[in-house]
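Dear colleague,

Please find the structure below for your records. My notes on what was found follow directly after it.

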Amino acid sequence: MPPRHQPHHRGYLVEFDDPDSDGEFLATCLGIGDLMAVASDLVDEWIEGLAGRGLPAPILAQFEQAAHDLDQAAIFARQSAVNFADHFEDARTVAARGLRIVGSNGRPRRGRGPLPRR
C-alpha cells in the first residue's frame with residue numbers, strides 16, 4: 001500500500017511580553033507591524049495561487065479584503081510606535097537629562113504642615 005499523503009500543517013506561536021521599557025514597547029509595535037505585513041504578503045501569494053487555479057473572484061474577494069486589512073493593521077501598529085514616541089518625547093528628554101519621574105505615591109507629605117495657600 002502506498003504511503004498516505006499527510007497534509008502539511010504549520011503552527012505559529014506568537015507571544016508578546018509586557019514591555020519593561022519604552023524601547024521594548026517601540027520594538028514590539030514595530031514587530032507587530034512587520035508580522036502583519038508578512039501575513040498580508042502570504043495571503044496575497046495564496047490568493048494568486050488560488051486565482052491561477054480558477055477560483056471565482058467572489059470567493060477570493062474576502063481574502064483580498066483580509067490582506068488589505070492586514071496591511072492596515074501593519075500601518076496602525078507602526079503608527080502606534082510613532083504616536084508613543086511623540087507623546088512621551090518630553091518625558092524622555094527630561095529622563096535623558098537625569099531626572100526620574102516617578103509620579104505621586106498618594107501618601108501625604110510627612111513632617112510638614114499643609115501647603116500654604118496663595
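Val-82 lies in helix α2, where helices are DSSP runs of H or I with at least four residues, strands are DSSP runs of E with at least two, and both are numbered from the N terminus. Because its relative accessibility is 39%, Val-82 counts as partly exposed (buried means under 20% relative accessible area, exposed over 50%, partly exposed in between, with a 1.4 Å probe and protein chains only). Val-82 is 52 residues from Leu-30 in sequence, with 9.6 Å between their C-alpha atoms.

This is a predicted model, in which local features need pLDDT of at least 70, side-chain atom pairs count only at pLDDT 80 or more, and totals for chains, interfaces and linings use all residues. Residues are numbered from 1 along each chain as its sequence is written, and side-chain values use heavy atoms, with hydrogens and water left out.

The chain has 3 helices and 0 strands, in the order α-α-α. Of its 118 residues, 13% are buried.

Buried residues in α1 include Leu-26, Cys-29, Gly-33 and Ala-37. The buried residues of α1 pack against α2 (57-87) and α3 (89-96), a contact being heavy atoms within 4.5 Å. Just after α1, Gly-54 has a positive phi of about 90°.

Yours sincerely
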